[in-house]
Amino acid sequence: MSAVLLYALTGAGLFTLGLYALIIHAHLLRKILAINVMGSGVFLILVALGGRTAGAVPDVVPHAMVITGIVVAVSATALALALVLRVQAATGRAELPEEPLE
Amino acid sequence: MQQIPWEVMLILLPLAGAMACFLWPRRTLLFGLISALGVGGCVAGLGWRLLEQGAQRYAVGGWGAPLGIDLYADGLSLLMLIITALVGLGVSIYSIGYFERRQAILFWPLWLLLWSALNALFLSADIFNLYVTLELLGLAAVALVALAGGANALTAAMRYLLVNMLASLCYLLGVALLYHNFGSVDIAILAQRVEASPAVWAAMGLMSAGLLLKSALFPLHFWLPPAHASAPAPVSALLSALVVKASFYILLRLWLEIFPQTGAAPGQLLGVLGAAAVLWGGIQALRQTRLKLLIAYSTVAQLGYLFLAFPLGSSFAWKGSLYLLLSHALAKAAMFMAAGNILRFCGHDRIADLDRVAQRLPVTMIAFSVAGVSIVGLPPSGGFIGKWMLLEAALRAGQWWWVIPLILGGLLAAAYIFKVIGYAFTQAGVLRQTNKVPMSMEWAALALALAALLLGLVALWPLSLMEIGLPFGGSEVDAIQRAEQS
Amino acid sequence: MNWDAGLPLLIVATSLFSGLMIFFLSEKHVVARTTLNLGGAVFKLVLVGVMIWGVFHGHHYEARLPLLPGLDLLLRADAESMLFVVLSSGLWLVTTIYAIGYLEGSPHRSRFFGFFSLCVTATVGVALAGNLITFVLFYELLTLSTYPLIVHRETEVARRAGRTYLIYTITGGALLLVGTVWLYSMTGTLEFAHRGFVAGLLDTHRVSLIVVFVLLVAGLGVKAALVPLHGWLPQAMVAPAPVSALLHAVAVVKAGAFGIVRVVDDVYGVEATTKLGVSGPLAALAAVTIIYGSLRALFQDDLKRRLAFSTVSQVSYIVLGIAIIGPIATTGGLVHLVHQGVMKITLFFCAGNLAETLGIHKVSEMNGVGRRMPWTMAAFTIGALGMIGVPPLAGFVTKWYLGVGALDAGQEWVVYILAGSSLLNAGYFLPVLYAVWFKPAPDSWPDERSFGRFETSWALLAPPVVTALLTLAVGLLASAPFSPLQWARFITTLEYMP
Amino acid sequence: MNEITSALLLLTPLLPVVLAFPPLRSRISHPCYIALLPAIVLLLVPSVVPIELPWLLLGSGLGVDGASRWLLAMSVVIWTAAATLLPKPGNHAADNRFTVFFLLTMAGNLGAIVATDMVGFFSFSALMGYGFYGLLVSGGDKTARRAGRIYISFMIAADLLLFEVLLIAASTTSEMAFESVRLAVSGSASPGLYVSLVLAGFALKAGVWPFHSWLPLAFRSARPAVALLVGGVPIAMGLLGMVRWLPLGEITLPGMGLIIRILGAAAIIYAIVAGVKRSQLKLLPAYTAMIATGFFSIALGAGLADPAVWNQYGNIPYFFIVSLGFGMVIVVAAICWLQTDHHAPAAIVKQEDDPSLWIERCAGAVVRWGGKLGCETLPRLRSAWLAKAGSLLQVCAWRKAVDAAEYSLQRWILAITLFLLLGLVTVFLAAM
């Protein structure tokens, strides 16, 4: 098993884990964390796959992508956190209501 | 002579406008309107050039693929830009009257940012750029939904944000797989390199799943009605008319250019889901007692139509689906605006208590009805043309069973639209206090509704625009390649 | 664009523009609205006159607007469309005058007259449509523009009636649309042609053609109120009287019947219809409708409902005439398009007069009303006798042609249907006439209003009298040149002669 | 000259119709006499050229020949006589209406006489029939209304039958003039149907036994002017129709001839018996008329059985009709005179309590029966179903099912997980 594949599998594992957590946990903060874990998984895969040609200089394009992705993820997380605060202020709970909107 | 880079201006102008609005909140309206008009002008300029010179590719900063960012404009993206500009102008005018000052200084920057993201999305030539623009779009949209305040809007926004992030990550994973296998993210290059393999299947699955989630295809539509119904009216209009269409646009490009040889089964699956969406959304819409929720479920149903082209696969069907997309964008925007007017006027949007709105708010009600005509797909309207093309394509392909959801969906649409109109003509028991609705709000809705209607009479023009460039017309390169193969 | 292409567009546009302008008038501008209404109606009639003149002098009026690649919106003046255009534009003028009188002082008149004009625009469009897609377009427009007229009263009952109307008509429209697209996907053209355009597919696409025929007729049959698709018509009676008159005599019901004429004559052609074996069932359906509608009319005490079921029955004469397949019967069917319109509009005008002047809505309240409103009831009598088929009124000519045509085509059973229907017509009209003229009047009427010199206002009185005279004239002068009968004969010649 | 006679021919039926309009009539005195003027002048013109009116109805013609001249003369006399019995013109509404019906009936009668084709005759006799119904009923009592109802029921049935006759005639020949139809029908394959329909139709119109039931009622209750007209108008025109429409003298139908003769004889016997049984002066004309029509039937039957016999008659049938008309006038006038001046005692007649006719009772029963059977409710139910499609969705069970489904979608665990796990599995497959 090559290192690349190991990284990729770890990334996929992180992604699945995050997905699982996203679905299971009700608290919004945990959901946001779960999404961030998923994001890390994807970035890991991207970076790992960048080194597909063994020995040679790794492809830089995936790295650029990852940086962009991280920027996006950070801003999205910031927005999400801000929203969580507002939701808590409005409803008193940091959870999404289960029943459909009337 | 140096050509004016309309493409770049289309992205930068609203972005700059958003910045300006953010920095000088007192001049929000001025900057906003200038940007809106400017974007309109840029779209016209780009359209003029496309008509003269065919599809355009523009390397930003002169870098070019694979490292630089390429912008690509063909008939398809031009049409999307035009519709965005039309709806955008309408929404801009509408929002002048809609928002009070405190909300306006939040709305305008976000809206211009959204516009910028949309334009960038439609002009992107590679799938990673599409990811970035998709994220930008999602963030702006979520913020706009949250603008309404209140528990409903905030939880809806939160749900929307989570869905958006999840979908984007799925999409990004797909992008990673494609890049890993073929070494490029440029759509045109990928189109040449891709061949069917498990990796491509996986990428397609992931990207489609993400995009379907964003396009709210049944059964992934759960987030849409609360978000669209609880947002402020201009935002609802934007979300229903444009934002969900953006992800469909990406799906369409991928499907047409990168994964054309994926076989029939996925297409059939999407078709079945689309049909289910049409029926489910229709029934749900009919059940609603609140106007905005009704319209939101109607969006779920109408999005289902778009997917009926996937199993048919013919260029005629794609064009029909696109035509439906265009007319739905205009009509649904008009409809949400009309609903906003009614909400403002009556102070509520309970359908059973509309109480002679038809007489007291005639322009709005005409807008609603005219938009409804297009949604139902009655002639003469853009919706009719699109439906006609899909029907014809289905019958020509011998897949007559797709006629059933098309027709049933139309009947359901008629049922829920006329339910509203019927109550709008009827006197309700209790008289209530009403508020004044500014003229600009009424006429903006009407203008968009009439545009949807007009789309039914000038069909040849958009259809010929679709012929420019890749998916339908085929560029010169493409034609040469095909000649060589045969 | 030259004059020959412009005229059909102009004829459609006159009422469209006057309608759109009326929307923007406030309630107070009575004079402006009346001017627009009457001006539009008269101008349209003049244009139609010009068009008839032109058709006789060999002009070929045709306007095309590309809709989709290979598919045009086409307005064209041919013999059949002229028949229907003359009917609709002529009766529109009369109905407009009536409506102005009827709605005097009631609210929302701008809205009413706006949609009223749109409705006529759609009808004229249906008449002038040169291909099936144009027909479908105006047919749906008709549905939409009549809906606000039906719910005009703003009551819960009206809303329900409107809903029923829409359920029926939109479903019908959908079926029509499917049929049209299907046909187009087989033939690649939708342009009406004498003797139809499906002949080439008879051997290869037999089943599809039959299914498409059923779809088209079902879609059109909703508006033509063929049993069992007639349920909306009696309910739609909640609308004001001019609307009922318009729905029954000119616009909606006629559009359906006219559509069936088009399908049989100009889409399939009589030959193909016969070969496919669909004419027999269609005729049977029409016959059932004729009898059923008359039977139901017998049971109704509400005057307008009785008239509505009478319409159900009478409109099917048109379908029957077409479905018998034969030159004489077709003539009968076509001419009934005009005759039924003139007669039924008279009856509805009179029913409206009774309601508006005396507050009478029921047959049982009509005792002795002939003494109070002799002119109105004289018109009503002529219309009713015409419906029964008493010579020399319009209905007689129709029944004559249908009967002779049926014998000519070897379908004797139709004669019995005609006889039974006449009997039933007499059964539900003559008691009314008897009550009106010979029963003693009650001491007071339910809700009497005074209109000064005449028995009611002149705008309410003149239209029924004029249409009653027309009923007499088209029957009495049936063989004169330019009569509807001669025109129908001319159409039939085109359809049947080699 | 020709133009003048043509105008007169047209005016003969037209003038009474025109004068029937109250506004036109109110300006002139004695409208009922003036309406007869064209007919009178026409009688004085020695030779009248028939006119063709191709634009009228389905192509009609008017004309006067030897036989119809006599008929016209009779009609003029009868109508003049009846007009003298009319009440003085006043503003009373019922009288005003009576005059309208009077003139309309007159127009129909005169028109039927001068018509030279079947459609024209049919139309005019229909006008006459409806007008006469108005005369019978207008201002009359219960019995008169009952007579009117029987009469109009018979007349509608007769019109239906005669309409069939017209259709048969039209399908055998394109020319609807009496002569050509007569020739065409006698040459056709089965004239039996045609002949029996004509006979039945006109027997209904003329009150020939067994369709006589309205006749005694009419004579018992009608005004003198109307009673005077019964013989000359419905009966004479019915008999005239038989003579004009049947291909007499051309075909031989012995069986039918025999039946008709038997019916005629039965009518005579019935009339005598009934007349004797209810010896009432006022009813005398009714039974006289029945006897006369019985004789006419016997003659007709003989003519049908053997054309030669009919051809021997020549114009005798017309004269018979004319004399029947005159005779009836005289009888009725005499009775009127007797009653008004000598107060002849009238027998007490059993008054019917239930004014409805058996046919109306039957129709009523059918209506009620149909209502019970569900003819009334079924369609309403069905349209209600359709109309309630929307509200059906609000029904509880539906709503719960839909809610439950939507709720499970809201949870969205299943769908997303499936989608993504599928994708991931493939990812691993690809990467391996």
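Reader: Which residue stands opposite Leu71(B) in β2(B)?

Author: Tyr58(B) does. This is a predicted model, and in it strand β1 of chain B, residues 56-59, is joined to β2(B) by 4 bridges. The two strands run antiparallel.

Reader: And β2(B), are its faces buried or exposed?

Author: Both faces are covered. Asp70(B) and Tyr72(B) are buried on one side, and Leu71(B) and Ala73(B) are buried on the other.

Reader: Why would neighbours end up on opposite sides?

Author: In a regular strand the side chains alternate between the two faces of the sheet.

Reader: How many strands and helices does chain B have?

Author: Chain B has 2 strands and 21 helices.

Reader: What is the radius of gyration of chain B, and what would a compact globule have?

Author: Chain B has 21 Å. A compact globule of 486 residues would be near 23 Å, so the two agree. Along its principal axes, the C-alpha trace spans about 75 × 55 × 40 Å.

Reader: How much of chain B is buried?

Author: Of its 486 residues, 67% are buried. As for contacts in chain B between residues at least 6 apart in sequence, 81% join residues at least 24 apart.

Reader: Pick a helix. What about α14(B)?

Author: Helix α14 of chain B covers residues 315-346, 32 residues in total. From first C-alpha to last it reaches 45 Å, close to the 46 Å expected at 1.5 Å a residue. Because 30 of the 32 residues are buried, α14(B) is largely enclosed by the rest of the structure.

Reader: What comes after α14(B)?

Author: Gly347(B) follows, with a positive phi near 85 degrees.

Reader: Now α8(B). How many of its residues are buried?

Author: 16 of its 18 residues are buried, so α8(B) is largely enclosed by the rest of the structure as well. Its 18 residues, 198-215, should span 26 Å at 1.5 Å a residue, and the end C-alpha atoms are 25 Å apart, which agrees. After α8(B) comes Ala216(B), whose phi is positive, near 60 degrees.

Reader: Where is Pro219(B)?

Author: Pro219(B) is in the loop between α8 and α9 of chain B. A cis peptide bond joins Phe218(B) to Pro219(B), with omega about 0 degrees.

Reader: Which residues touch the most other members of the largest nonpolar core?

Author: Leu114(B), Val145(B), Ala157(B), Leu330(B), Ala334(B) and Met337(B), in a core of 594 residues. Helix α6 of chain B, residues 150-182, gives the largest share, 23 residues.

Reader: What does Ala334(B) touch?

Author: Leaving out residues up to four places away in sequence, Ala334(B) touches Ala367(B), Ala371(B), Ala445(B), Leu448(B), Ala449(B) and Ala452(B).

Reader: Switching to chain C. How many bridges join β1 and β2 there?

Author: 6 bridges join β1(C), residues 62-68, to β2(C), residues 71-76, and the strands run antiparallel. Arg64(C) stands opposite Leu74(C) in β2(C). The two strands form a hairpin with 2 residues between them, and Gly70(C) in the turn has a positive phi of about 85 degrees.

Reader: Which residue other than glycine has a positive phi near 60 degrees in chain C?

Author: Ile325(C) does. Its place is the loop between α12 and α13 of chain C.

Reader: Is Ile325(C) buried or exposed?

Author: Ile325(C) counts as buried, because 21 C-beta neighbours lie inside 10 Å. The cut-off for buried is 20 or more. Arg195(C), with a positive phi near 70 degrees, is partly exposed, with 17 other C-beta atoms within 10 Å.

Reader: How many residues go into the contact of chains C and D?

Author: Chain D gives 33 residues and chain C gives 30. On the side of chain D that touches chain C, the elements giving two or more residues are α6, α7, α16 and α17 of chain D. The largest share, 9 residues, comes from α7(D). By type, that side divides into 22 nonpolar, 7 polar and 4 charged residues.

Reader: What share of chain D is buried?

Author: Of its 432 residues, 46% count as buried. Chain D has 20 helices and 2 strands.

Reader: Last one, Ile34(D). What does it touch?

Author: Ile34(D) touches Leu19(D) and Ile28(D), not counting residues up to four places away in sequence. Ile34(D) sits in helix α3 of chain D. Ile34(D) and Leu19(D) are 15 residues apart in sequence and 8.9 Å apart in space, C-alpha to C-alpha.

How values were computed:
Residues are numbered from 1 along each chain as its sequence is written. Chains are lettered from A and ligands numbered from 1 in the order in which they are written. This is a predicted model: local features need pLDDT of at least 70, side-chain atom pairs count only at pLDDT 80 or more; totals for chains, interfaces and linings use all residues. A residue is buried if 20 or more other C-beta atoms lie within 10 Å of its own, exposed if 12 or fewer, and partly exposed in between; C-beta atoms are placed from the backbone. Two strands pair if DSSP finds at least two bridges between them. The radius of gyration is taken over C-alpha atoms; the globule rule is 2.2 Å times the number of residues to the power 0.38. Two residues are in contact if their C-beta atoms, placed from the backbone, lie within 7 Å. The expected span of a helix is 1.5 Å times one less than its number of residues. Ala, Val, Leu, Ile, Met, Phe, Trp, Tyr, Cys and Pro count as nonpolar, Asp, Glu, Lys and Arg as charged, and the others, Gly among them, as polar. A nonpolar core is a set of buried Ala, Val, Leu, Ile, Met, Phe, Trp, Tyr and Cys residues joined through C-beta atoms within 7 Å.
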